[in-house]
Structure formats: structure tokens, C-alpha cells
Amino acid sequence: MLLLASLIIGGGLGGLTLALQIRQQSPDTAITIVERSQFPIPEKKAKVGESTVEIGSHYLKTTLGLKQHFSDRHLRKHGLRCFFGKPQTDFSMQDELGVSELFGIPTYQIDRGAIENYLHQHLSALGISIIDQATVEKMDLAGELKQVTIKREHNGQQYKAQTIKSRWLIDAAGRQRLFQQHMDLTASNNHQGNAAWFRVDKQIKLDDWSEDQEWHKRLKQKGTRWLSTNHLMGPGYWVWIIPLDNGATSFGIVGDNQAFANGDFSTFDSTFRWLQIHHPRCAEAIADADVLDFVSVRDYSHSCKQVFSDQGWGISGE
């Protein structure tokens with residue numbers, strides 16, 4: 001049996017950054033992370049949550065000290081940009097809302113695979129144990145020491161179940177919502193939210209969607225619209241387009257119930273057909289691209305009755 005000060009369930013961005021912050025503020029704390037995926041994760045088949053705002057960038061670069069990593073591996077974001085109105089083949093004809101020059105505080109388009117693999121190596125070097133390819137079998141959050149039993153499979157080999165006791169137990173496992181289910185903490189927030197997202201192995205440059213020189217001159221740094229978090233806006237939905245440093249581009253459609261009832265977003269093929277009808281210029285740009293992944297989630301928005309307790313547990317991340 002392993003006895004710890006802090007056990008974090010979930011080795012994604014939320015769990016990894018929390019572990020780093022704990023280690024920086026309390027160097028002697030024994031920390032273990034349990035993650036169901038295998039490290040290193042494929043950099044072009046990772047997760048959404050790529051676009052940062054100023055406070056997030058400040059936390060990652062300054063609080064956690066990851067400035068050099070972000071300079072080396074992540075594209076600088078050129079603000080939020082939205083296109084409204086009837087979809088046009090020539091994007092200079094769209095109504096556009098976006099910055100003409102960069103703000104002083106840098107933000108980034110995060111390559112989730114790159115940062116999570118970097119943090120895995122960095123935390124391991126700091127003496128933080130990361131158990132990958134592991135799933136939680138049982139939890140007991142009562143008492144001063146929390147108890148978790150995990151099961152691990154590595155390279156096809158099943159390992160004997162392991163029990164870990166910890167003073168603090170953190171759920172950073174995202175949409176698995178382990179603690180919410182275990183302690184009946186789920187709460188409705190009455191927000192209608194549905195999403196489908198995918199990545200293509202192609203760098204999409206939205207600047208190529210018009211040859212109008214006056215449109216290009218609107219930006220102080222010509223040819224940088226593609227570095228924005230671009231949104232194609234429609235009734236009850238938006239389509240995001242986010243570039244990544246590894247050459248892939250992230251796409252997603254987020255909509256309310258009515259918008260999603262008007263289309264089929266269950267597969268990439270059906271989603272692509274929807275794009276051909278509603279945003280043909282976007283569909284044309286990705287028609288010849290290799291699709292790296294596809295995820296569709298209905299009713300993704302949720303709330304929680306409690307996210308932190310002085311009894312030694314907390315929920316972090318998504």
C-alpha cells in the first residue's frame with residue numbers, strides 16, 4: 001500500500017499543472033498522478049481546450065514558469081475573431097469582428113499533446129510519480145486518509161490491483177466526473193450546450209479565403225488572421241478554427257439544442273456535410289485533409305454542488 005500527501009486522479013492539463021503548482025509551493029509533498037491514457041500521448045490526437053485567454057496564459061507562463069516552453073512549442077494567439085452574416089466564398093464580404101494588432105499580454109493556441117508530454121517529463125524529473133494506463137476501481141473518501149484502488153494495464157499486461165491512501169485526493173479526471181457520481185454532487189445549470197470537434201492534419205490559413213487587398217490591409221501584421229481563434233457565427237451556434245504548432249488545425253461546432261436538432265453531428269461525415277451546406281468555404285478548405293479524430297458530446301455543460309472540502313478532497317480541471 002502506498003501512502004501519500006496528495007493523489008491526483010487525471011493526468012491531463014488540469015491534473016499536471018496542479019501537481020506542478022503543489023510541488024513549487026510545497027517541495028516535500030509526496031504526489032502521485034493516476035492517468036488512464038498512456039504517455040507520451042499522440043501530439044496530433046489530443047484534446048480540446050487549445051485557446052487561452054490572458055489570465056490563463058499568465059498562470060501557465062508566470063505562475064508555473066513555463067514561459068520558455070510556450071515560446072518554443074505553441075503559436076501566439078492573435079485574439080478572438082468572429083465572422084457573421086451569410087456565408088461567403090470571398091471572406092472579405094463577411095462581417096468581421098477582431099483585433100487589428102496584437103495586445104501587449106500574449107496568449108497562445110495550446111498544442112495539448114505537446115504541453116502534456118512536456119509536463120509529464122518535467123514532473124517525473126521533479127520526483128512526482130505518474131501511473132499511466134490506470135483506472136480507478138474503488139474509492140473511499142471517508143476518514144482522514146482517502147483510499148483509492150486502481151487497476152493498471154501496461155503494454156497488454158494486467159497488473160495486480162493497487163491501493164493508495166492519501167491525505168488529499170483530487171479529481172482532475174474531467175468528464176468522467178468521478179467525485180460527482182460517487183458523492184451525488186451533480187447539479188443542473190440549465191445551459192444548453194452541445195459540441196462536435198475534430199482535428200485535421202493540415203494547416204488552414206483563413207487569410208487565403210480572400211484576395212481582396214483592402215481586407216488584408218486591415219491587419220497591422222498582414223496574413224495573421226489564421227492565428228486568431230476564428231469563429232464562424234450562425235443562429236444558435238459557432239464553428240471554431242484553431243491552428244496548432246504541430247501543423248494540425250482544430251475545428252469544432254458548438255450549439256444549443258435547436259441548432260443541433262437541425263443537423264446530424266454524430267459522425268465526421270455527417271458533420272462535414274453540414275459544413276458543406278452552411279459554411280462551404282470552410283468545408284472546401286478541409287475536403288482533402290486527413291482527419292485525425294472526431295468527438296461529439298451532447299449536453300456537455302454541468303455544474304457541481306461542491307468542488308472543495310476541508311475534509312481532504314477537491315475537484316479541479318474541466
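Student: Within what distance do the axes of α1 and helix α4 (residues 112-125) come, and at roughly what angle do they cross?

Tutor: Happy to! This is a predicted model, in which local features need pLDDT of at least 70 and side-chain atom pairs count only at pLDDT 80 or more, while totals for chains, interfaces and linings use all residues. Residues are numbered from 1 along each chain as its sequence is written, and side-chain values use heavy atoms, without hydrogens or water.

The axes of α1 and α4 come within 10 Å and cross at roughly 35° (lines fitted to C-alpha atoms over the stretch in contact, with angles from 0 to 180 degrees between N-to-C directions). Their crossing is left-handed (the near helix is turned anticlockwise from the far one by less than a right angle).

Helix α1 (a DSSP run of H or I, at least four residues) covers residues 13-25.

On the α1 side, Leu13, Leu16, Thr17, Ala19 and Leu20 make the contact (heavy atoms within 4.5 Å); they meet Arg112, Ile115, Glu116, Leu119, His122 and Leu123 of α4. By type, seven of the contact residues are nonpolar, two are polar and two are charged (Ala, Val, Leu, Ile, Met, Phe, Trp, Tyr, Cys and Pro are nonpolar, Asp, Glu, Lys and Arg charged, the others polar).

Note on methods: Helices (H or I, at least four residues) and strands (E, at least two) are DSSP runs, numbered from the N terminus. The expected span of a helix is 1.5 Å times one less than its number of residues.
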